[in-house]
Amino acid sequence: MVEVDVPRASAVGAQSFTEMPHGFSIRPMQGSDEASALARIWHVTQVDAHDDGDETLDLEATRRYIDCVLLPLHEVIVAASGGVPVGFLALRRNHVAQLHVAPAWQRRGIGAALLGWAKAQGWTRLSLSCIRERVGGFYEASGFRAKRVIRTTQACTYVDYEWRLRQAPVIDAMKGDSNG
């Protein structure tokens, strides 16, 4: 997939996503100490997503990927409760590369808050890819629309999604002006 750098919209009025009402906060990742916690969150969500108990999902490999690829190339935002990470989002330009929330913390608005943070960064468009059967409904409820099916297997459908900033209609000052 070719990444295209899309111009950012004005960030005026962008909401601050630091304190959330349900016992968690959204903040930048605080040092590599948190990489192990993020690896555990990612690992458990991936193991849960694969009904066959895929043994190839290795926690140490996930940690190495976070250290060597995710952190150097992405902006990583953490959802934390009591200072402990419970979810995270990795953003590279306008592409949501990863969004994971620990199972015990799902359905509390954390994923929506992390996406809200990404939307508030001023991008006019965000993209992501996911398994439609697992989380497609969540992304669609968050304003993302399916752009194309990447591939379909016997068990699932992989889809590219896109969110676009809704622009306010431009009002032509000359139209409807009867004082002409």
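# Reading strands, turns and a helix

Strand 2 (residues 75–81) and strand 3 pair in the antiparallel sense over 7 bridges.

User: What should I know about this model before reading on?

Analyst: Welcome! This is a predicted model, so local features are reported only at pLDDT of at least 70 and side-chain atom pairs only at pLDDT 80 or more, while totals for chains, interfaces and linings use all residues. Residues are numbered from 1 along each chain as its sequence is written, and side-chain values use heavy atoms, with hydrogens and water left out.

User: How do I read pLDDT, and what does the protein average?

Analyst: pLDDT is the predictor's confidence in each residue, from 0 to 100. Here the average is 80, and 74% of the residues score at least 70. Over residues 1–17, however, the pLDDT is below 50, although this stretch has 29 contacts in the model beyond near neighbours in sequence; a contact means heavy atoms within 4.5 Å. Where pLDDT is low, the predicted coordinates should not be read in detail.

User: How do I read strand pairing, and which residue is the bridge partner of E75?

Analyst: Strands are DSSP runs of E with at least two residues, and helices are runs of H or I with at least four, both numbered from the N terminus. Two strands pair if DSSP finds at least two bridges between them. For E75, the bridge partner is L91 in strand 3. Strand 3 also pairs with strand 4, in the antiparallel sense, over 6 bridges, and there R92 stands opposite H95.

User: Is strand 3 mostly covered or uncovered?

Analyst: Buried means under 20% relative accessible area, exposed means over 50%, and partly exposed is in between (1.4 Å probe, protein chains only). Strand 3 is mostly covered, with 7 of its 9 residues buried.

User: Which residues take a positive phi in the hairpins of strand 3?

Analyst: Look at the turns. In the hairpin of strand 2 and strand 3, with 2 residues between the strands, G82 has a positive phi near 60°. The hairpin of strand 3 and strand 4 also has 2 residues between its strands, and R93 takes a positive phi near 55° there. R93 is a residue other than glycine, and its 38% relative accessibility makes R93 partly exposed.

User: Where is R107 found, and is R107 buried or exposed?

Analyst: R107 is found in the loop between strand 4 and helix 3 (110–119). R107 counts as exposed because its relative accessibility is 87%. Its phi is positive too, near 65°.

User: How do I read a helix, and what does helix 2 look like?

Analyst: An α-helix has 3.6 residues a turn, so residues three or four places apart point the same way. Helix 2 (residues 59–73) reaches 20 Å from its first C-alpha to its last, close to the 21 Å expected for its 15 residues; the expected span is 1.5 Å times one less than the number of residues. T62, R63, I66 and L70 are buried in this helix.

User: Where does helix 2 bend?

Analyst: A bend is the angle between axes fitted to the seven residues ending at a residue and the seven starting there. Helix 2 bends by about 40° at I66.
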